[in-house]
Amino acid sequence: MGGQYHWIDVSREEIIQAIDNPAGKVLTAAIFDAFIANGLTYKVRAQAKSKKSSARDGYTIYFYIKKSKESIIINTIYYKMQLRINDRSTFEKLDDYSENVRKAILIDSVRSPDDDDDNSYVFTYHGTEYRLCYQLYENFKFTTITEEDIDSLMDIINREIIFGKPRKKQIQR
């Protein structure tokens, strides 16, 4: 779970305070609320604006639905978010999402060539097959987040929590 990082203990209020983007502040607070309400974990590391800077200029937050891979990564400097989408049914709702969110998902993907499937991350939108760039796997990057995007992103995140949250085994009697 990211043993190469130096994790720090910082409050969610300090993290939100470090975000300049007003929509990013609201979105990050909503993500914290959703993860805390569902008993999910997150970790934080210091982020510097440049490699020459040693001061803490911001934070990188790693949110986990499953312990092995982060589901969301947020960088508070120049607010940007990376979101892992495992629930493929989310792509059936792209038309319901804000234009900005829809475009970000489609930009990270390329129209699929007609060659054989190489087990890439593939989804269909309006009858066209898209293939996520192989370096991103199932991660999508959102670099421009506005107030109109918050509901769309929270819908995707809540769907991911429901889809990926470990289920307790039922005891059969």
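This is a predicted model: local features need pLDDT of at least 70, side-chain atom pairs count only at pLDDT 80 or more; totals for chains, interfaces and linings use all residues.

Student: Are E70 and R84 buried or partly exposed?

Tutor: E70 is partly exposed, as its relative accessible area is 23%. R84 has a relative accessible area of 8% and is buried, because the cut-off for buried is under 20%.

Student: How do strand 4 and strand 5 run, and how many bridges join them?

Tutor: They run antiparallel, and 4 bridges join strand 4, residues 69-75, to strand 5, residues 80-84. One of the residues with a partner there is N75, which is bridged to K80 in strand 5.

Student: What lies between the two strands?

Tutor: Strand 4 and strand 5 form a hairpin with 4 residues between them. In the turn, Y78 has a positive phi of about 50 degrees.

Student: Which other strand is joined to strand 5?

Tutor: Strand 9, residues 139-142, is joined to strand 5 by 4 bridges, and these two strands also run antiparallel. M81 stands opposite F142 of strand 9.

Student: Back to the charges. How many salt bridges are there?

Tutor: The count comes to 5 salt bridges. Among them is the one between D87 and R159, where the closest N and O atoms are 3.9 Å apart.

Student: Where do D87 and R159 sit in the chain?

Tutor: The pair links distant parts of the chain, 72 residues apart. D87 is in the loop between strand 5 and helix 3, while R159 is in helix 4, residues 147-164.

Student: Is D87 buried or exposed?

Tutor: D87 counts as buried, at 10% relative accessibility.

Student: And what does E99 form a salt bridge with?

Tutor: E99 forms a salt bridge with K103, and the closest N and O atoms of that pair are 2.8 Å apart. Both residues lie in helix 3, 4 residues apart, which is about one turn of the helix.

Student: How accessible are E99 and K103?

Tutor: E99 has 47% relative accessibility and counts as partly exposed. K103 also counts as partly exposed, at 45% relative accessibility.

Methods. Residues are numbered from 1 along each chain as its sequence is written. Side-chain values use heavy atoms; hydrogens and water are left out. Two strands pair if DSSP finds at least two bridges between them. A salt bridge is a side-chain nitrogen of Lys or Arg within 4 Å of a carboxyl oxygen of Asp or Glu. Buried means under 20% relative accessible area, exposed over 50%, partly exposed in between (1.4 Å probe, protein chains only).
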